[in-house]
Amino acid sequence: MKSERGVSNSRTRHLYYASLNKQARAWMDRAKCQGLDPHLFFPERGQTTNEAKAVCAACEVRFECLEYALNHDIEFGLWGGVTERKRRTLRATRTKAAQA
Ligand code: SF4
């Protein structure tokens, strides 16, 4: 059973995707995760992310996906094969570099 957090965020992701114009969705149309269970990409605490990471590793738009999540401050889920925690670290590193 998935938590409300996972369900809510996977729904949000799909609703947001549907609201984007065609140009903004260009890279998303090539996403390898299309048609897969979105819960894979919004794991519960302690749930493995190996399956989702394997999908992302073979995805041709993983860099666009990660940049998208970083640029839009998306907190939850696996984007570009990168977890929430790692994205927070990346954001902090970029912010420090920009301020130096
Ligand atoms: S990198 Fe992963 S989450 Fe991002 S579009 Fe590709 S398969 Fe989907």
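The model I consulted is predicted.

**Entry 1, Asp73.** I applied the criterion to Asp73, which has 8 C-beta neighbours inside 10 Å and therefore counts as exposed. I located Asp73 in the loop between H3 and H4. I then looked up its backbone and noted a phi near 50°, a positive value in a residue other than glycine.

I recorded 4 helices and 0 strands for the protein. Read along the sequence, the pattern is α-α-α-α. Of the 100 residues, I found that 15% count as buried. I also looked up the contacts between residues at least 6 apart in sequence, and 55% of these join residues at least 24 apart.

I noted an average pLDDT of 84 for the protein, with 76% of the residues scoring at least 70. Over residues 1-5 the pLDDT is below 50, and I found 4 contacts in the model for this stretch beyond near neighbours in sequence. Among the elements, helix H1 (residues 4-19) has the lowest mean pLDDT, at 56, whereas H2 has the highest, at 97.

Which residues are closest to the ligand? I counted 13 residues around the ligand, and the closest are Ala31, Cys33, Cys56, Cys59 and Cys65. By class, I recorded 9 nonpolar, 2 polar and 2 charged residues in the shell. Helix H2 (50-57) and helix H3 (62-71) each contribute at least two residues to the shell.

I looked up the largest nonpolar core and found 10 residues: Leu40, Phe41, Phe42, Ala52, Cys56, Cys65, Ala69, Leu78, Trp79 and Val82. H2 and H3 each supply at least two residues of this core. I noted that Cys56 and Cys65 belong to the core and are also among the residues closest to the ligand. For Val82, leaving aside its neighbours within four places in sequence, I found contacts with Leu66 and Arg87.

How values were computed: Residues are numbered from 1 along each chain as its sequence is written. This is a predicted model: local features need pLDDT of at least 70, side-chain atom pairs count only at pLDDT 80 or more; totals for chains, interfaces and linings use all residues. A residue is near a molecule or strand if its C-beta atom, placed from the backbone, lies within 6 Å of it. Ala, Val, Leu, Ile, Met, Phe, Trp, Tyr, Cys and Pro count as nonpolar, Asp, Glu, Lys and Arg as charged, and the others, Gly among them, as polar. A nonpolar core is a set of buried Ala, Val, Leu, Ile, Met, Phe, Trp, Tyr and Cys residues joined through C-beta atoms within 7 Å. A residue is buried if 20 or more other C-beta atoms lie within 10 Å of its own, exposed if 12 or fewer, and partly exposed in between; C-beta atoms are placed from the backbone. Two residues are in contact if their C-beta atoms, placed from the backbone, lie within 7 Å. pLDDT is the predictor's confidence in each residue, from 0 to 100.
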